[in-house]
Amino acid sequence: MGWVEWGVVVLRVLLVFVLLLGATIINVWAERKIVADMQSRIGPKRAGPWGILQTVADGLKLFFKESVTPRKVELGAYLLAPFLAVIPAFLIFMVIPFGAPFMIGDTEIALQGADLNAGLLFILAMSSMAVYAVVLAGWSSGSKYPLIGGVRATAQAISYEAAMGLAMVAVVMFTATQGPGGTLSLSEIVARQDGTWLGFIPQWNVFPQIVAFVIFMIAIVAETNRAPFDLVEAEQEIVGGFHTEYSGMRFAMFFLAEYINIFSMSALAATLFLGGWNGPTWEGTVPAFVSAILPTVWFLLKTYFIVFIFFWIRATLPRLRYDQLMSIGWKRLIPAALAWIVLSAISIGVRQFGLPWS
Amino acid sequence: MVETLLFVVMALVAIAGAALVVLARNPVYSALGLLGTLLSVAVLYVVQLAHMVAAVQVIVYAGAVLTLFLFVIMLIGVDKDEPSRDETLPFQRWIVGGVAAVIVLFAAGLTLFGDFDWVPAASSDVLPEATNGTIEAIAEPLFTDWVLAFEATALLLTIAAAGAIALAHYRRREG
């Protein structure tokens with residue numbers, strides 16, 4: 001690779017990094033505003049217009065605070081855990097395309113950290129790495145509530161990862177019928193959701209795969225440890241859960257990882273089910289730069305729609321009990337996902353080869 | 001150039017992780033060492049353009065198996081002072097260590113001074129094919145030529161899982 005290609009790669013990675021940090025600043029503020037509104041409160045309003053700089057103020061405060069290290073911690077794992085939380089969170093977004101590829105001269109530049117052939121598998125791998133941070137933080141704190149949080153996190157992540165993966169399988173199977181051969185590359189999955197059915201229904205996977213979409217949504221809420229699945233850090237039961245003993249910047253890194261995960265998982269849901277950056281660009285009727293930027297706008301709108309659902313669920317539903325969490329995961333979601341895979345397979349088979357008795 | 005650099009770094013990380021597995025006093029750090037080894041081997045797979053194998057390595061071994069290891073270690077609890085220093089294996093350790101040392105020295109001597117190729121290098125025209133379709137390359141034979149073996153393995157694993165559940169329930173009723 002020459003210097004230009006290296007430069008493009010570095011720029012794309014930096015772009016994803018900045019996008020995620022910016023999205024986190026907006027997300028934290030948006031969550032506080034939205035939840036406040038749903039609870040008839042005002043929410044942050046002092047820092048900047050509508051309180052939009054609240055996250056920046058909080059971040060600066062955490063940055064300058066002392067990171068207290070309790071005496072009984074296992075120092076190595078205790079210091080490692082926040083980094084293990086942030087790194088997979090950033091990496092997940094690397095394979096998600098957040099805009100239509102565009103041309104500069106002869107080189108096509110994809111708005112995506114890296115277009116992996118095994119993109120979906122990469123996302124599964126990284127989201128399974130994220131659990132180590134919680135487990136290690138819980139264990140190394142040398143305190144009982146973090147340990148309980150860590151054990152809960154392991155069980156929860158393993159249980160809901162299965163449902164999430166199975167929902168993805170149904171989407172991958174359906175995507176294979178939309179073009180030549182199957183694919184796990186996210187840019188290809190987005191490209192195959194282009195067009196419409198009957199002239200007005202967008203060709204998004206959410207319509208034929210609605211059951212998979214619901215299962216996937218429940219599973220990603222559980223994967224990101226958000227309410228009503230936030231048993232990992234249930235304040236009323238186990239103080240702060242795994243991050244009880246963390247303070248200052250180390251705590252801020254867990255916080256950052258959680259919000260980046262929300263954003264990445266929402267982006268993934270938008271990519272798999274809502275057509276990613278697909279949408280009308282009105283090429284020719286609007287200035288060229290507008291139609292170049294519109295796909296990214298569509299992508300962000302869809303992602304924020306899902307992010308809003310996250311906040312909405314949090315403000316609406318009470319937390320589950322631990323046994324309810326397990327029974328929903330293993331006795332409802334996984335069987336439902338398996339049944340849906342079989343149903344999709346049958347319908348795909350019938351559409352491709354006709355009825356078995358014909 | 002990049003490939004060599006990555007190989008050297010990742011190989012060193014893998015060896016350091018493996019050493020940590022056996023040397024760490026605390027089993028949690030052993031598990032972490034194993035995690036480091038598994039991840040660096042996954043990076044080596046990526047360097048060889050085997051994205052699928054790397055992803056599976058991380059999902060299955062680092063993601064599922066090792067998480068369960070950690071889970072068990074944490075649940076059982078770790079007492080750092082617990083293991084007694086009394087030697088229960090008086091000479092077996094020395095025998096195993098000696099045999100391992102001889103094997104390693106033999107292998108090192110072979111690579112340094114041997115003048116024959118046990119493992120011929122892959123011809124250079126193999127790689128570009130694999131760049132953009134390792135998943136397809138694995139899936140195609142798996143679901144055509146080897147579909148019977150694939151399905152039989154799946155059935156076997158299902159039986160194993162069902163058997164484990166049945167055994168657990170049987171024990172509980174007896175107790």
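**Helix crossing and chain contact**

Tutor: Start with the handedness: α1(A) crosses α10(A) in a right-handed sense. This is a predicted model, where local features need pLDDT of at least 70, side-chain atom pairs count only at pLDDT 80 or more, and totals for chains, interfaces and linings use all residues. Residues are numbered from 1 along each chain as its sequence is written, with chains lettered from A and ligands numbered from 1 in the order in which they are written.

Student: What makes α1(A) oblique to α10(A)?

Tutor: Helix α1 (residues 3–38) and helix α10 (residues 288–316) of chain A pack at about 45°, axes 10 Å apart. Angles under 35 degrees count as roughly parallel, over 145 as roughly antiparallel, 65 to 115 as roughly perpendicular and the rest as oblique. Therefore α1(A) is oblique to α10(A).

Student: Which residues in α1(A) and α10(A) meet?

Tutor: N27(A), E31(A), I34(A), V35(A) and M38(A) in α1(A) meet V307(A), F308(A), F311(A), R314(A) and A315(A) in α10(A). Contact needs C-beta atoms, placed from the backbone, within 7 Å. The residues of this contact split into seven nonpolar, one polar and two charged. Ala, Val, Leu, Ile, Met, Phe, Trp, Tyr, Cys and Pro count as nonpolar, Asp, Glu, Lys and Arg as charged, and the others, Gly among them, as polar.

Student: How many residues does each chain bring to the contact between chains A and B?

Tutor: Chain B brings 19 residues and chain A 21 residues. On the side of chain B that touches chain A, α3(B) gives the most, 12 residues. That side has 12 nonpolar, six polar and one charged.

Student: What does L121(A) touch?

Tutor: Leaving out residues up to four places away in sequence, L121(A) touches L184(A), M52(B), A55(B) and I59(B).

How values were computed
Two residues are in contact if their C-beta atoms, placed from the backbone, lie within 7 Å. Helices (H or I, at least four residues) and strands (E, at least two) are DSSP runs, numbered from the N terminus. Axes are lines fitted to C-alpha atoms, for helices over the stretch in contact, and angles run from 0 to 180 degrees between N-to-C directions. A crossing is left-handed if the near helix is turned anticlockwise from the far one by less than a right angle, and right-handed if clockwise.
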